[in-house]
Amino acid sequence: MATHAAMPTRGRPRRRSRTRQHTASAWAVPATLGAAYGLYASFILRNNGASGGRQFWYGLITAVVLAVLCFALGRIQHTLLPLVRGAAYGALTAAAIGLLVGLTGSSVLRSSALGLAVGLGMFVTTFYIFYTHERT
């Protein structure tokens, strides 16, 4: 006997393909961080005597780059191990702080050391948070 096409079947229900929707915070947090970072980089350049055009474009480029990197890290962070995730957050923070310190006219050694110190602190903090909150 033939059954109607709309009849429910027994067994496992079919998996529906889910498209991941981005929440408001998935866009808002990286955009806010990027905007604040770009404004601060622009402010540092302005204090060092940069022209208005150079200051604007440098701030805009740094804002976009940081926002994109933060968004990308936020998208893939759940697939990473806690150690790698902490290292990724530490590396992103170290590079961002090192660039800001380098814009002030400091030596490369000082900006690298300060970026490394802040990045190491971020690594330790995020690794602790991710490792202690990991679901097993």
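Reply: A definition comes first: Ala, Val, Leu, Ile, Met, Phe, Trp, Tyr, Cys and Pro count as nonpolar, Asp, Glu, Lys and Arg as charged, and the others, Gly among them, as polar. The model is predicted.

Me: How do the residues of the lining of the largest pocket divide into nonpolar, polar and charged?

Reply: The largest pocket holds about 450 Å³ of space. It is lined by 21 residues, and those closest to its centre are Val29, Leu33, Cys70, Tyr89 and Leu92. By class, the lining comes to four polar residues, one charged residue and 16 nonpolar residues.

Me: Which element gives the most to the lining of the largest pocket?

Reply: Two or more lining residues come from each of α1 (24–47), α2 (52–76) and α3 (82–103). With seven residues, the element that gives the most is α1.

Me: What pattern does the protein follow along the sequence?

Reply: The secondary structure consists of four helices and zero strands. Read along the sequence, the pattern is α-α-α-α.

Me: Are α2 and α3 roughly parallel or roughly antiparallel to each other?

Reply: The axes of these two helices, α2 and α3, come within 11 Å and cross at roughly 170 degrees. Angles over 145 degrees count as roughly antiparallel. The relation of α2 to α3 is therefore roughly antiparallel.

Me: How many nonpolar, polar and charged residues does the contact of α2 with α3 have?

Reply: On the α2 side, the contact involves Tyr58, Thr62, Leu66, Leu69, Cys70 and Leu73, which meet Ala88, Tyr89, Leu92, Ala96, Leu99 and Leu103 of α3. Sorted by class, this contact has no charged residues, one polar and eleven nonpolar.

Me: Does Gly102 count as buried, exposed or partly exposed, and what is its relative accessibility?

Reply: Gly102 is located in helix α3. Buried means under 20% relative accessible area and exposed means over 50%, with partly exposed in between. Gly102 therefore counts as partly exposed, its relative accessibility being 35%.

Me: What separates the C-alpha atoms of Gly102 and Ile44?

Reply: Along the chain, Gly102 and Ile44 are 58 residues apart. The separation of their C-alpha atoms is 10.0 Å.

Me: Among contacts between residues at least 6 apart in sequence, what percentage join residues at least 24 apart?

Reply: The protein has 136 residues, of which buried residues make up 26%. Among its contacts between residues at least 6 apart in sequence, the share that join residues at least 24 apart is 69%.

Conventions: Residues are numbered from 1 along each chain as its sequence is written. This is a predicted model: local features need pLDDT of at least 70, side-chain atom pairs count only at pLDDT 80 or more; totals for chains, interfaces and linings use all residues. Side-chain values use heavy atoms; hydrogens and water are left out. On a 1 Å grid over the protein atoms alone, a cavity is a set of points where a 1.4 Å probe fits but cannot get out, and a pocket is an open set with protein on both sides within 12 Å along at least five of seven lines; lining residues have an atom within 4 Å of a point. Grid points are joined across faces, edges and corners, and a volume is the space filled by probe spheres set on the points. Axes are lines fitted to C-alpha atoms, for helices over the stretch in contact, and angles run from 0 to 180 degrees between N-to-C directions. Angles under 35 degrees count as roughly parallel, over 145 as roughly antiparallel, 65 to 115 as roughly perpendicular and the rest as oblique. Contact means heavy atoms within 4.5 Å. Buried means under 20% relative accessible area, exposed over 50%, partly exposed in between (1.4 Å probe, protein chains only).
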